[in-house]
Every structure is written in structure tokens, then in C-alpha cells.
Amino acid sequence: MRTILVSGGAGYIGSHTVRLLLEEGYRPVILDSLVTGHLSSALPEVPFFKGDIADGLLVRNIVQDLGIDAVIHFAARSLVGESMQKPDLYFHENTAKTNLFISALLSAGVKRVIFSSTAAAYGIPEQVPIPEAAATIPVNPYGASKRMIEQSFPWLEKAYGLEWISLRYFNAAGALFDGSLGEHHTPETHLIPLILRTALGRQEQISIFGTDYPTPDGTCIRDYIHVLDLAKAHILALAALEKGVGSGVFNVGTGSGHSVREVIETSRKITGRNIPVLECPRRPGDPAQLVAEADKIRTTFNWSPGYSSLDQIIESAWAWHRKNPDGFPH
Ligand SMILES: NC(=O)c1ccc[n+]([C@@H]2O[C@H](COP(=O)([O-])OP(=O)(O)OC[C@H]3O[C@@H](n4cnc5c(N)ncnc54)[C@H](O)[C@@H]3O)[C@@H](O)[C@H]2O)c1
Ligand SMILES: O=c1ccn([C@@H]2O[C@H](COP(=O)(O)OP(=O)(O)O[C@H]3O[C@H](CO)[C@H](O)[C@H](O)[C@H]3O)[C@@H](O)[C@H]2O)c(=O)[nH]1
């Protein structure tokens, strides 16, 4: 049985991936500082270490004591707006700490890492759908902090034999379908949770950031990917590294996009609730369209999304929000 260290395993995407690792017969181990994560999202049977990825001693002890075979590295700060206000925080938390984390892993003998990257690595895309080979010119420090780590990987591969896969997620969304696990960020900035909070009457209206984009209905288009499909991509990436498929960068998206208005309309249909909207100016830094070209991950890993229709994404997210209007208790 392979033992996988999951940094950020008490966060949104990490907690769903831990569930899938268990189902697929892996032994996950969580390292999380709980800076944005929730202890109550972690299962009691999964070993949990509260600590920082930059704590080299702790990391080496975990690797040695638990016999870590590979790492899935989710732990990061990921608020684009905050990164514009505090770029140094993002280069410290995401870039510097990840570099320390990987050094500690390598010194303890762990060579396989799956890394959470982002569509923000591309910046404003020149073409949509966006292929992995597109230019990467991030337009915010968050995207830059992740891209710098991707740039370090080939050097670490050459020097130390690091085997790495960087997954560039598009818009992670959705939850477990039984409402037992879902998305709880504070502050919440993502579109779907905010729409569903509005459906629950927790906020008066949902703001639409920009109605004058060059898209069919004037609102931004995004490629929403169900968190379980995202989790599956990590499992397949691990298997690929085990088989020696080789390191590289992969988009994780469906290859098709939905506008903000479409997401609101589908949410009205699924919740049966009134969802008032407020049309607002554009949010700075939002590209009109972000849609993945997803051929590389489909052909290399034989991955395909199973739960990423807009209906399935919103149904599952609604199950979580309705059952847990206040999110996780701690
Ligand atoms: N949510 C998205 O749509 C999205 C899109 C693209 C990329 N990503 C990336 O995916 C990853 C997970 O995102 P998420 O939405 O689950 O975020 P999240 O905030 O829910 O989870 C991040 C987890 O990492 C932990 N953490 C942060 N810094 C840490 C540190 N220094 N040491 C130990 N633990 C630490 C937090 O406590 C939290 O549990 C992040 O790297 C994020 O940048 C997310
Ligand atoms: O109240 C809101 C919130 C969002 N939006 C719009 O909804 C779309 C989706 O916005 P999100 O904030 O949910 O997601 P982003 O596309 O901004 O961000 C995602 O993609 C980024 C890459 O650009 C990063 O990877 C980030 O971590 C990830 O959540 C955007 O057009 C945004 O302008 C609204 O209209 N109203």
C-alpha cells in the first residue's frame, strides 16, 4: 500500500482528494497548518499533523516515521485579490515555503510530487481553449507564485531526480453528493458558493462582475471542474509517476466553459430559490474567458470528467450548502 503525504489535506480540494485516495487503496497522511483549512474536514482514521510545510524537521520526521512514497502538495494561499495587496506574503507562503518543503522531501528521499498549479499561471490568454504550451504571463502574484515553482521543477529534476507533475486547475467547484463534505473558504470569493449562499438567504444578492465582456451574454466564461474529477486527476498522476510516464504540466479542466449568467440560471433551476442579482463593474484582473484545452490529460492519463456537468456541480454544491449553511464547525 502506497503512503501519500497530502499537504493542505484539510482544505477544500485536499479533503476531497484524501477521501478518494482512501477509496483507491492508498494510505493518505495529512500535513496542514489549518491556516485556511478545517480540522473537521479530516477523517479521524487519517493520520493528521498540524504544522507548516516549511518545518523541515517535521517534514523529514513524517517521511521517515510513516514511510512516505509520494506527495500531493495542495498547501498554499489562493486569494487573487489578497495577492495583489500582499505580494510578499504569496511569494513567501507559496514559492519560498514550497521550495523548502521540496528540499526537505528530497533530503528525506521522497522524489515524487504532484503540485497544485492554476490557470492563473497563464494570465490573459492569447487563445481559448488554452493549451499547456501557451505563454505563461501571470497577471497577479498568486499566479506568479505558482508559476515560479513550476519553473524550478525541471532544475530539481536534473539535479536530484525529482519526478513531478504540475496540475493547472481551472475552476474547482462542487462537493460530495451526499452533502458531507464541501467548500468552506473564509472569506468566500468563488462564484458558486456565493450564489448558493444567496439562494439560502445568507446574502441579499449575487454580484455579477462585468456584463460587457466580449462573450455571448456579456459575462465571463470559466471552465468549472468538479472537485471529484480534480481528485481523480491526482490519483492518475500518481499512478503515471509510478509507471514512469514522466514529469510535466497538465491542464485540468473540461474543455468547455459556462458564463456567470448561465451558472446563476442553473442554480435557480436546481435550488428552486429566488437568486437576486446585482450587475456590477468588472472585477480587476478577470480574463473574459478561461477554458482549458484538456487533450493532454485525457490522452496521457486516460482521464475524463465524470461529474463536471454544470447540473452535477451545482447539485452537489447545493447538497453541501443546504446541509451545512455555516460550513465546517471548526
Ligand atoms: N479552488 C480553486 O478553484 C483552485 C484553482 C486553482 C488552483 N488551486 C490550488 O489548489 C490548492 C488547494 O486549494 P483549495 O481551494 O483547496 O484551498 P484551501 O485554502 O481550502 O486549502 C489549502 C490548505 O492548505 C493549508 N495550508 C496553507 N498554507 C499552509 C502551510 N504553509 N503549511 C501547511 N498547510 C498550509 C490550509 O490550512 C488549507 O487547509 C491551492 O494550492 C490552490 O492554490 C485552487
Ligand atoms: O461574486 C462573484 C464572484 C465571481 N464572479 C465571477 O465569476 C467568475 C468566476 O470567479 P471565481 O472567483 O469563482 O473564480 P476565478 O475564475 O476568479 O478564480 C479561479 O481561477 C483563477 C485562475 O484565474 C485561480 O486559479 C483561482 O484560484 C480560481 O478560484 C469570474 O468571472 C468572476 O468575475 C462574479 O461575477 N461574482
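1. The shell around ligand 2 holds 11 nonpolar, six polar and three charged residues. Nonpolar here covers Ala, Val, Leu, Ile, Met, Phe, Trp, Tyr, Cys and Pro; charged covers Asp, Glu, Lys and Arg; the others, Gly among them, count as polar.

2. This is a predicted model, in which local features need pLDDT of at least 70, side-chain atom pairs count only at pLDDT 80 or more, and totals for chains, interfaces and linings use all residues. Residues are numbered from 1 along each chain as its sequence is written, while chains are lettered from A and ligands numbered from 1 in the order in which they are written.

3. Which residues come nearest to ligand 2? Of the 20 around ligand 2, they are Thr 118, Ala 120, His 190, Leu 191 and Cys 220. A residue is near if its C-beta atom, placed from the backbone, lies within 6 Å of the molecule. Two elements give two or more residues to this shell: α6 (191–199) and β8 (206–209). β8 gives the most, with four. Helices (H or I, at least four residues) and strands (E, at least two) are DSSP runs, numbered from the N terminus.

4. Ligand 2 lies between domain 1 (3–172 + 224–252) and domain 2 (175–222 + 255–323), because both give residues to its shell. The bounds come from an automatic or database domain assignment. The domain centres, taken over C-alpha atoms, are 23 Å apart.

5. In the domain contact, 37 residues of domain 1 meet 30 residues of domain 2. Contact means C-beta atoms, placed from the backbone, within 7 Å. On the domain 1 side, α7 gives the most, with eight residues. By class, that side has 23 nonpolar, 10 polar and four charged residues.

6. Strand β6 (residues 163–169) has seven of its seven residues buried. Buried means 20 or more other C-beta atoms within 10 Å of the residue's own, with C-beta atoms placed from the backbone. Both faces are covered: Glu 163, Ile 165, Leu 167 and Tyr 169 lie on one side, Trp 164, Ser 166 and Arg 168 on the other. β5 (residues 112–118) runs parallel to β6, joined by seven bridges. Pairing needs at least two DSSP bridges. Phe 115 stands opposite Ser 166 in β6.

7. Helix α10 (residues 310–323) has 14 residues, which at 1.5 Å a residue should span 20 Å; its end C-alpha atoms are 20 Å apart, so the two agree. The expected span is 1.5 Å times one less than the number of residues. Buried residues of α10 include Trp 318 and Trp 320. The buried residues of α10 pack against β7 (171–173), α6, β10, β12 (258–259) and α8 (260–271).

Terms used
Two residues are in contact if their C-beta atoms, placed from the backbone, lie within 7 Å. A residue is buried if 20 or more other C-beta atoms lie within 10 Å of its own, exposed if 12 or fewer, and partly exposed in between; C-beta atoms are placed from the backbone.
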